[in-house]
Amino acid sequence: MTVVNNVFSIFQILVVVVVIFLSARLVTRGNNVLLTVFFTFAFVSLLLSDLYWLTFDTLRYGMRMPIAANEIGEWAFFLLLATGLSSLKKEKAGASVPEMLYVILFTAVNTALWIIWSGEWLQDIMTGFAVGVLAVSIVRTAPKEGIPERPAGPVIAAVSTLVIAFQALSTYIGNPLTRVLEYVSYALMYLVLIYFVYMTVRRYRENKNPAAFTFSLIAFVWNVFTMYMSPGVVYFVSLITLTLILPLLYLTFRREVMKNDLC
Amino acid sequence: MIYAENILICIAVPLFVSVFFLKKSARRFVTAFLIGMVICLIAAYIGGFMEYVSKMTADETAVFLSPIIEEIMKLLPILFYLVMFIPESGDLMLFSVGIGAGFATFENCCYILSSGAGSLLYILIRGLAVGVMHIVCTLMLSLALVLLKKFKALSFSGIVGALSLSMIFHALYNLLVSESGVSSYIGYAMPLLSAAVLFIPYRRFVKKL
């Protein structure tokens with residue numbers, strides 16, 4: 001399992017290095033310096049986090065890790081990306097109060113589940129805070145036009161509530177039915193992920209970029225929630241999908257920062 | 001055992017006196033350098049206390065805890081300077097480099113006194129690795145703060161994000177050099193390579209801010 005994990009980490013490192021190289025080139029070319037620099041910084045954090053994990057696994061395999069420093073890199077990634085997104089606020093954007101409240105509540109419940117599963121209070125609260133800040137930033141900066149898809153919004157909210165409920169049930173009640181519900185929750189998570197990726201590609205092709213960028217960010221954050229909720233093989237699948245979403249995130253980001261560029 | 005406070009006094013007093021005879025950026029840099037040394041001593045106190053409280057070994061403290069404590073301690077004076085004095089971007093960068101250089105210098109002084117300075121090669125490696133690492137960390141931190149200030153996006157999440165970036169960089173360095181062999185060579189090279197990479201945007205981009 002460790003070898004497989006390391007192979008996936010190396011794959012992710014390669015993808016992240018390419019994204020850093022490409023996004024760093026946009027710093028002097030794009031029209032949103034803050035977003036470009038913080039997007040690059042965020043990916044540097046992700047790279048350092050991956051490298052830390054790989055190094056620890058190679059040098060100190062099986063040894064105690066009192067503080068998971070690689071998670072600090074993940075916090076940096078979420079927070080720096082959220083900070084970069086603050087530059088998009090000036091555009092026609094905004095979210096309703098119920099949407100914001102739902103995102104905060106969803107993150108809080110997820111954080112509670114992570115604490116129950118791992119017992120790491122401080123680290124899970126910090127991770128929850130960082131992911132929550134990014135999720136709220138995405139909702140705040142999401143353009144009204146094209147996002148959210150009004151009929152799909154409540155459906156996604158309902159599905160994500162079901163996912164949480166099924167996960168909580170399978171945590172506390174250990175019988176065959178809750179086991180089935182747990183697998184149903186994974187299926188639901190991936191269905192929602194597929195929907196977000198599909199919408200990203202569709203909006204990207206239609207050249208509706210603020211929407212495409214927002215959908216790619218939502219797909220990314222949803223993938224993070226999926227990954228943190230998944231054990232074993234399902235976790236590795238999430239890790240692969242997360243790595244595959246990163247180039248998509250870069251492509252939509254590139255179009256966002258170059259949209260008024262006439263050259 | 002070394003008497004870190006005495007070493008600090010010995011190095012700091014001439015620098016402190018020199019501050020009165022310096023002007024503008026030179027004075028700012030020397031002051032930051034002095035603060036960096038004091039911060040290093042305080043970080044060592046806190047690290048020792050945390051090691052005792054958390055019952056970690058000295059190795060675990062160095063690899064896992066020190067990066068967090070040291071980076072938070074380095075951030076505090078930079079943040080204080082940013083908020084209280086509202087400096088220009090260049091002044092903030094200068095102040096940050098001073099903090100990093102002071103911190104690294106005092107750490108190296110204590111290390112040399114406790115472990116000996118017999119091997120010139122090892123001393124060179126330590127100077128180029130740890131010395132540059134602390135400067136790179138504070139430079140990354142201040143670069144992020146300068147951008148946040150410039151674009152009026154200074155926020156708690158932005159500051160914590162920048163702090164986390166410097167923490168993970170520091171933590172990776174400490175982890176790499178904690179084991180002998182190839183990993184330590186990579187670790188020693190990492191700060192210099194990062195400084196070279198940071199130097200390009202610093203020259204091209206930061207000057208415009």
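Let us start with one residue: B:Thr61 touches B:Gly47, B:Glu51, B:Met56 and B:Ser66, leaving aside residues up to four places away in sequence. Keep in mind as you look at it that this is a predicted model.

Where does B:Thr61 sit in chain B? Its place is in helix α3 of that chain. Is B:Thr61 buried or exposed? Its relative accessible area is 5%, and buried means under 20%, so B:Thr61 counts as buried.

Now let us turn to the place where the two chains meet. How many residues of chain B are in contact with chain A? There are 34 of them, and they touch 33 residues of chain A. In chain B, the residues that lose the most area to chain A are B:Phe64, B:Ile168 and B:Leu175, which together make up 23% of what that side buries. The area buried between the two chains is about 2,800 Å², and carbon and sulfur atoms give 81% of it.

There are charged and polar links here too. The rule finds two salt bridges across the interface of chain B and chain A. In a salt bridge, the side chain of B:Asp59 meets that of A:Arg60, with 3.0 Å from N to O. As for polar contacts between chain B and chain A, the count is four residue pairs, with both residues at pLDDT 80 or more.

Which elements of chain B give two or more residues to the side that touches chain A? They are α3 (58–85), α5 (120–150) and α6 (156–177). The largest share of that side comes from α6(B), with 15 residues. Here is how the residues on that side of chain B divide by kind:

| Kind of residue | Number on the side of chain B that touches chain A |
|---|---|
| Nonpolar | 24 residues |
| Polar | seven residues |

Finally, let us look at the nonpolar core. The largest one has 150 residues, and those with the most contacts inside it are A:Phe43, A:Tyr52, A:Leu134, A:Phe220 and B:Phe106. The largest share of this core, 15 residues, comes from α5(B). What does B:Phe106 touch, not counting residues up to four places away in sequence? The residues it touches are B:Ala4, B:Ile7, B:Leu8, B:Met37, B:Cys40 and B:Leu41.

Methods
Residues numbered from 1 in each chain as written. Chains lettered and ligands numbered in written order. Predicted model: local features only at pLDDT ≥ 70, side-chain atom pairs only at ≥ 80, totals over all residues. Heavy atoms only, no water. Contact = heavy atoms within 4.5 Å. Buried area = accessible area lost by both parts, 1.4 Å probe. Salt bridge = Lys/Arg side-chain N within 4 Å of Asp/Glu carboxyl O. Polar contact = N/O pair within 3.5 Å; in protein donor to acceptor, adjacent residues only side chain to side chain. Helix = DSSP H or I, 4+ residues; strand = E, 2+ residues; numbered from the N terminus. Nonpolar A, V, L, I, M, F, W, Y, C, P; charged D, E, K, R; others polar. Core = buried A, V, L, I, M, F, W, Y, C linked by side-chain atoms within 4.5 Å. Buried < 20%, exposed > 50% of the residue type's maximum accessible area, 1.4 Å probe, protein only.
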